[in-house]
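Please prepare a short briefing on how two chains meet in a structural model.

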Amino acid sequence: MMNPCSRTAQAAEDAVRPVRGYSNHNHERHQMSGITTSVNASAHESREYRNRKRMQGFREDVTSFWFLLPILAVFVVLFLVPLIQTLYFSFTDFNGYSMNLHWQGLSNYRKVFSDPSTLEGLGFTILYAIVVMIGVTLLAIPLAVVVNHKFFGHNFVRSVFFFFSVPSLAIMGMVWKYIFSPMKSGVVNSVLSVFGIAPIPWLSNSGLAKFCVIFIAIWAQIGWHATLYLAFLQSIPADLYEQATVDGASPFQQFMHITVPQLMPGIVTSTFLLMSGGLKVYDLPFTMTKGGPGYSTYTVTQSIIQQGIGQSQYGVGSALAVLFFLATAVVVMLQLWFSNVISARFE
Amino acid sequence: MKLQQSTRIIMASLAAGALILPLASCGAGGNADKIKLSYLSWNNEQASKPFIDEFEKENPDISIDFSYSPPTPEYIQTLQTRLVGNQAPDVFVITSENKADLMNNHYVKDLTDEPFMKNIAQANKDFVTRDGKVYGMSTSSWASGIVYNKDLLKKAGTQEVPKTWDDFLAACAKLKKAGVTPYLETVADGRSRIPDAFTGAKFAKDGTDVTSLASKSRQTPGEDEKQAIKEWMKLYDQNLVTRDTVGMSADDVKTQFVNGQVAMICTGPWDFSTFQQAKGLNWGYAQMPALSSDYEPYSQGSPSPGLAIYSKLSGDRLKAAEKFLAFMSGKWALKQQSRNGDAVTATAFDSKVVGQYEDVYTKNVKTGKYFLMNNFYKKPDVFETATKAETQQLVQGKISADQWAKNVDAKMASAQ
């Protein structure tokens, strides 16, 4: 069965064909009657042809529009309208209880920049996103290279690493909270006590709490990203390695000069996902530490939820959300630009 | 198969009728002539049903349209959405976290002179009072205390929890010397309960009208609680309690107590069932120590959430709402609440409480000698989150008590 698009294209083609036939016939006549008439007629034909072509394009655009309409409607209702509303609320004193709003100018934005807890949250969010992105990338690529080799039980090993990323980070946070408990009875501390090591204040020390949250985020995401790299690795032609081996390249040289450049599209995809996911992180730090001790593992998303919804300061929460949206857009665009520059270098 | 036009019309009419009939029967049921009272609760249907059934039995002309949203953030947001969206419930729950917003935006009816408020305890009225007007009806309260392991206290030659703070610190030192972990609390889930109790006693001694605190233009809960914080911090400054409490949840602390690894913890009646079920645990529940012998032993505690009536309600539905609140403060409902384990504070009614709770119930709950900072300041959510984070930094030794007070007040000021 012909789909609507190809049917439209076929109809357009049919509409154009007689014009071409007419044009050929006319050409013969003009050869006999004179050059001027021929030029005028062909200019008229090409104009007509262009008009028909334009109409055909317009008809195709209209058809495409109807196909895009559902997703466009979802985008407008669930994304664009709330975004504009958020922008509007960020300039008001909306408290969630009264629609009698008052214009506040930039005061909510000033509050965001003068609040030490929000700034601390921003600092940890950036640290988390960057360290997790680098950590996962540096560990997932070698892991993918290792599990790409055939050995006994390699499918099982691939599955085990992938399964780490199956449970949600919120559940991971709850489980790891008990493992990293600062009490003597905490899992890690119990193991350490066997070797005579005193309990370590894992989640009750600011620095260690940051380490624990980032460590778990890296641990949980390595497997998923290694699977992504594995898919890219398997598309690298084997003869590249064969030629390199014949030329006497060492495994490290092969990794650096064949594997890494060939993986570049995978690295761009993986780091993009890690960076955008890292910037909006909420579940893992919240379930593990609720943002503590103090504000050491506080995140921007937690701040938006806490101030906006929890404390009924929708104006401040919206201002923070707008700023965060812009900052994330800039960071992600910079990252894409940087990735493109690197990719171009390896091409 | 071809059908006649008339046959098709008859069949279509029958099909439409079949669809409409069940809908029509919904409206034509027994509730058609009744006054419909909408009630949004944060107790689930199982807990609320006995009250609703009994009320409807006693008032056959009223039917309750019940809806539920779990406490606390979900409930508050549901109510907020319904109020702003003009779908306000007729009767709903008013509590620490939303009472200021409900009063500020005039969503709750003044209940001060209602006859059913006659039996409500003064502390419960104070909880929802603004400028002398009472906006909710709360009939029970809770008060925290010190849960202690009698066997472990005996090890250090102590029989009971000391009555004053200095004696409590001395008892902790004695227990520590005897190789027993004296006391634990959570600072991970929220701030300690002890400073609130001290501040409540201080306000009572100074004669401060706590119901006026939220009306002050400058909110200074940090400054108001500073003295109590300094006293409480002696636990850490004297190295009697591990600073790892910053990373311990309430569940962690409870587990340690149940396993006999700590002599005393600070908690409330919600944990009693766990202690009762713990095999071989010989436990008691004592009043929190007083700041000094000059102060009364207060507790950190609060009236339970109250019921409020939507301010724009009028006519029959308003009368029905008033009847419902009168019923909820009546003998049958209070008895049922008591059976559910609530410590009822309504005057001329005594709850039957767990044996260990008797002392705190009589001396703190019934007398109103309990205090919760969140209840008496504007923006209790801001206060709660700010004090939690600042207290964690204080216990870690990163800031002083003076800085704690300054930071909390700065956060409150920025949120006003």
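B:Asp189 and A:Lys290 form a salt bridge, with their closest N and O atoms 3.9 Å apart; the term denotes a side-chain nitrogen of Lys or Arg within 4 Å of a carboxyl oxygen of Asp or Glu. Between chain A and chain B the count is two salt bridges. The model is predicted, so local features need pLDDT of at least 70 and side-chain atom pairs count only at pLDDT 80 or more, while totals for chains, interfaces and linings use all residues. Residues are numbered from 1 along each chain, chains are lettered from A, and side-chain values use heavy atoms, without hydrogens and water.

**Extent of the interface**

- Chain A contributes 31 residues to the contact and chain B contributes 35 residues, where contact means heavy atoms within 4.5 Å.
- About 2,600 Å² is buried between chain A and chain B, and carbon and sulfur atoms give 47% of this area; buried area is the accessible area (1.4 Å probe) that two parts lose on being put together, summed over both.

**Helix H12 of chain A**

- Eight of the eleven residues of H12(A) are buried, so this helix is largely enclosed by the rest of the structure; buried means under 20% relative accessible area (1.4 Å probe, protein chains only).
- Among the buried residues of H12(A) are A:Val300, A:Ile304 and A:Gly308.
- Helices are DSSP runs (H or I, at least four residues), numbered from the N terminus.
- After H12(A) comes A:Ser312, which has a positive phi, near 55°.

Terms used:
Buried < 20%, exposed > 50% of the residue type's maximum accessible area, 1.4 Å probe, protein only. Helix = DSSP H or I, 4+ residues; strand = E, 2+ residues; numbered from the N terminus.
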